[in-house]
Amino acid sequence: MSGMDATALDNLREALRGPLVTPQDAEYDETRSVYNAMIDRRPAAIARCSGTADVRSTIAFARQTGVELAVRGGGHSGPGLCLVDGGLTLDLSLMRWVRVDPVNRTAQVGGGSQLGDLDHETHTFGLGVPAGINSTTGVGGLTLGGGHGHLTRKYGLTIDSLVAADVVLADGSVVTTSEKEHPDLLWALRGGGGNFGVVTSFTFRLHPVHTVGVAVTVWPVEQTQEVLRWYREFLPSAPEDLNGFFAVMAVPPAPPFPEPLHGRKVCGVIWCYTGDLGGGRLDDVLSVVNDPAPPAFHFATPMPYPMLQTMFDDLVPKGLQWYWRGDFFDTVTDEALAVHERFGRELPTGLSTMHLYPVDGAAHDVAPGETAWAYRDATWSGVIAGIDPDPANADLIRRWCVDYSTALHPHSMGGAYVNFLGETGDADSVRATYRDNYARLAAVKHTYDPDNFFHANQNIPPAA
């Protein structure tokens, strides 16, 4: 696109209500930056779309000129799929809005919105959507991948609450998909990634949630096997009101952790309880944390749900080096226990971590073929993340993550959450992610994008 006629770019600029940012503009470097600072790609232009009309104009321009198009929502894509060197980024970040219908318990959400936008607007009505653990994550990317978070055991995956979407297709036409209109497209959007069009708005079913019980429990990393052996048995049998993701990590130098623990390598569980909090109920529910071994630290308190969603925002802000890989697990094998302890002891940096997110409970109430998300029999969605602010440590965190993943993968189910594939999203990995649903996804892709126009993603080529 760098050699494209300047008149064509001027025509696109005139067609947009939002700005068209190019390398000549002072804001270019900030506009092209994404959450993962390991990504340094230089698109030839970034169309910051203000609405559906801008989206259609950008798609039309890309088709007419043959420029490669990528789509950005929240910009959290680990492998930076929202940017293509020399290409055109269709940026939805100006389309941040949420409209809540408290009577029908639904929310319509703009395609560029972040989870914090959604949580803020729904919380005032005592409602919410099961989605993520970080308020700056884009609603679009998280939802299209499937979406899991603190409320998953209680209310399912994010896609289980998705009831409709407005989509601009590859030919520029606009459709609304629901169970009654274009149901095949809605099925594909429920976990099939950004393969099928640009979603300008999502409509979610909302669920009761206001104040939740939040707790953080950590044990010395040397007790990882003992604690994880207990956790793998306890959590799947616990009431669905209790969610807790397991982690190996270093203790952050911040409250609520006491200073003597700062920087220590630990294993732990971050808990969220949606049940009755009266009469010390939270302490009763979490008295089990003493069962595997006395914890080095345990903190529990009631908290507004949006506050829980922001708890990690300051710890991992935009601009850090990230490298991650993921896998699904139906169990944590005895052999995997030793892998987790080994690499927990070898944490390369203070922010690097491994999480096991529960995807059981209500998420298991949906059959594998009802949505594109095929791993309804998984118990955990695991992610290994090498993280550090210093670019000089990029190779260090990458090597730790790859070695950890290589050692753990034989004990997995063979596929991974598509949003955790990272740069490993080759054709075989994407196919493994969707199992028996892959052929149907390829058929839907053929219907709505037969030329594979939307391919800057974890790609599903159209069926022949």
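This is a predicted model: local features need pLDDT of at least 70, side-chain atom pairs count only at pLDDT 80 or more; totals for chains, interfaces and linings use all residues.

**Start at Asp-388**

Residues are numbered from 1 along each chain as its sequence is written, and side-chain values use heavy atoms, with hydrogens and water left out.

Asp-388 belongs to strand 18. Helices (H or I, at least four residues) and strands (E, at least two) are DSSP runs, numbered from the N terminus. Which residues touch Asp-388, leaving aside its neighbours within four places in sequence? Pick out Leu-320, Gln-321, Thr-349, Asn-393 and Ile-397; contact here means heavy atoms within 4.5 Å. Then draw a distance from Asp-388 to Val-21: the two are 367 residues apart in sequence, and their C-alpha atoms are 29 Å apart in space.

Now colour the open sheet of seven strands, whose order is 15-12-14-13-17-18-16 with antiparallel pairing. Two strands pair if DSSP finds at least two bridges between them. At the edges you'll find strand 15 (297-304) and strand 16 (321-329), each pairing on one side only. Neighbouring strands in this sheet are turned by 15° against each other on average, direction ignored.

Zoom in on strand 16 and strand 18 (residues 380-388): nine bridges join this antiparallel pair. Look for Gly-326, which stands opposite Val-383 in strand 18.

Next, select helix 12 (residues 394-408), which packs on the sheet and touches strand 13 (242-250), strand 16, strand 17 (353-358) and strand 18. Its direction makes about 5° with that of strand 16. For such angles, axes are lines fitted to C-alpha atoms, for helices over the stretch in contact, and the angles run from 0 to 180 degrees between N-to-C directions.

**Into strand 14**

Select strand 14 (residues 265-273). Eight of its nine residues are buried, so this strand is largely enclosed by the rest of the structure. On one pairing, strand 12 (residues 211-220) runs antiparallel to strand 14 and is joined to it by eight bridges; find Gly-213 opposite Tyr-273. Strand 13 also pairs with strand 14 in the antiparallel sense, over nine bridges, and there Ala-250 has Lys-265 as its bridge partner.

Follow the loop between strand 13 and strand 14 and you'll come to Pro-256. A cis peptide bond joins Pro-255 and Pro-256, with omega about 5°.

**Two helices to click on**

Helix 8 (residues 224-237) comes next. At 1.5 Å a residue its 14 residues should span 20 Å, and its end C-alpha atoms are 20 Å apart, which agrees (the expected span is 1.5 Å times one less than the number of residues). Where does helix 8 bend? Go to Tyr-231, where the bend is about 25°, taken as the angle between axes fitted to the seven residues ending there and the seven starting there. Tyr-231 is also one of the buried residues of helix 8, which include Trp-230, Arg-232 and Phe-234.

Then select helix 11 (residues 334-345), where the buried residues include Ala-336, His-340, Glu-341 and Phe-343. Among the elements covering the buried residues of helix 11 are helix 8, strand 14 and helix 12.

His-182 has a positive phi of about 50° although it is not a glycine. You'll find His-182 in the loop between strand 9 (174-178) and helix 7 (183-189), and at 34% relative accessibility it counts as partly exposed.

Asn-452 isn't a glycine either, and has a positive phi of about 55°. Asn-452 sits in the segment after helix 14 (438-448) and is buried, with a relative accessible area of 17%.

**Zoom out**

To finish, show the whole protein: 14 helices and 18 strands. Its C-alpha atoms fill a box of roughly 70 × 50 × 40 Å, taken along the principal axes. Of the 464 residues, 58% count as buried.

Methods. Buried means under 20% relative accessible area, exposed over 50%, partly exposed in between (1.4 Å probe, protein chains only).
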